[in-house]
Amino acid sequence: MKFPFFASFIVFCAWLGYEIHKHRNLEKKSLDAFWEKEYEANRTRRKSLDDLDYITIPFDTFPMTILTDDPVIAECHETLTELSKDPIVNLTGISNTDLKLKYGAPNITLLTAYDQRYTTLARTLQTFGKALYDKGCVMQAQTVLEFAISTKTDVSSTYKLLTTIYKEQGEIGKIKKLIPVAESLNSGLKNNIIKMLEEESSN
């Protein structure tokens, strides 16, 4: 009885050793490919940034003259004004290596700053929209949130709040129109947002 068990154990050990060896080889190949790509990226010369999708804050349609005495809204106004002074680009989901390959290693500091401004913008728009909604300024909140989504934000609460507004207005069709936007996101949160929108549009 012991021999079959021992033979099975030997086979298992051999299989396990093979799988570990295979995994290590795959891991090494992946790491080698990464460093080769990174090496090429670091050697890429500066390229034009003209084709970037720069974001312009639409102050002409934004509610910048109401509830200015509210500290949260006032802070949002200030942040948006400061952000508008410099380039803003949504680079969510694009690695630094890919950015260097496309636009050149010397531009990576600029591109990082552009993306950081976008992160601040997305968060500020959510805060701004929610503050307006909480104060009863629903249409103004809708304007802010719709702009946020047009920039392909992946802030889930922005989609959630806008769906709440649409449902209150009886505009379920508008929720369905948000799904293609969510499907185009380059973010790990995409699937969660899509699932939420599908559920909300079917209720």
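Q: Why is helix 6 called roughly antiparallel to helix 7 in this predicted model?
A: Helix 6 (156–168) and helix 7 (residues 172–183) pack at an angle of about 155 degrees, with their axes 8 Å apart. Angles under 35 degrees count as roughly parallel, over 145 as roughly antiparallel, 65 to 115 as roughly perpendicular, and the rest as oblique. The angle of about 155 degrees is over 145, so the pair is roughly antiparallel. The axes are lines fitted to C-alpha atoms over the stretch in contact, and angles run from 0 to 180 degrees between N-to-C directions. Helices are DSSP runs (H or I, at least four residues) numbered from the N terminus, and residues are numbered from 1 along each chain as its sequence is written. As this is a predicted model, local features need pLDDT of at least 70, side-chain atom pairs count only at pLDDT 80 or more, and totals for chains, interfaces and linings use all residues, while side-chain values use heavy atoms, leaving out hydrogens and water.

Q: What makes Glu171 partly exposed?
A: Glu171, in the loop between helix 6 and helix 7, has a relative accessible area of 34%. Buried means under 20%, exposed over 50%, and partly exposed in between (1.4 Å probe, protein chains only); Glu171 is therefore partly exposed. Its C-alpha atom is separated by 9.4 Å from that of Ser201, 30 residues apart along the chain.

Q: Why is helix 7 described as roughly antiparallel to helix 8?
A: Helix 7 and helix 8 (residues 190–202) pack at an angle of about 165 degrees, with their axes 9 Å apart. That angle makes them roughly antiparallel. Their crossing is left-handed, and the contact residues comprise eight nonpolar, one polar and five charged.

Q: Why is helix 2 called roughly antiparallel to helix 4?
A: Helix 2 (71–83) packs against helix 4 (residues 108–134) at an angle of about 150 degrees, with their axes 9 Å apart. This angle makes the two roughly antiparallel. Helix 2 passes helix 4 in a left-handed crossing, and their contact has ten nonpolar, five polar and one charged residues.

Q: How do you know whether Ser84 is buried, partly exposed or exposed?
A: Ser84 lies in the loop between helix 2 and helix 3. Its relative accessibility is 36%, so Ser84 counts as partly exposed. Ser84 touches Ile57 and Phe59, not counting residues up to four places away in sequence.

Q: Why are the buried residues of helix 3 placed on the same side?
A: The buried residues of helix 3 (residues 96–103) are Thr97, Leu99, Lys100 and Tyr103. They cover an arc of only 165 degrees around the axis, and therefore lie on the same side of helix 3; the arc is that of the directions from the helix axis to the C-beta atoms. Gly104, with a positive phi near 95 degrees, follows helix 3.

Notes
A crossing is left-handed if the near helix is turned anticlockwise from the far one by less than a right angle, and right-handed if clockwise. Ala, Val, Leu, Ile, Met, Phe, Trp, Tyr, Cys and Pro count as nonpolar, Asp, Glu, Lys and Arg as charged, and the others, Gly among them, as polar. Contact means heavy atoms within 4.5 Å.
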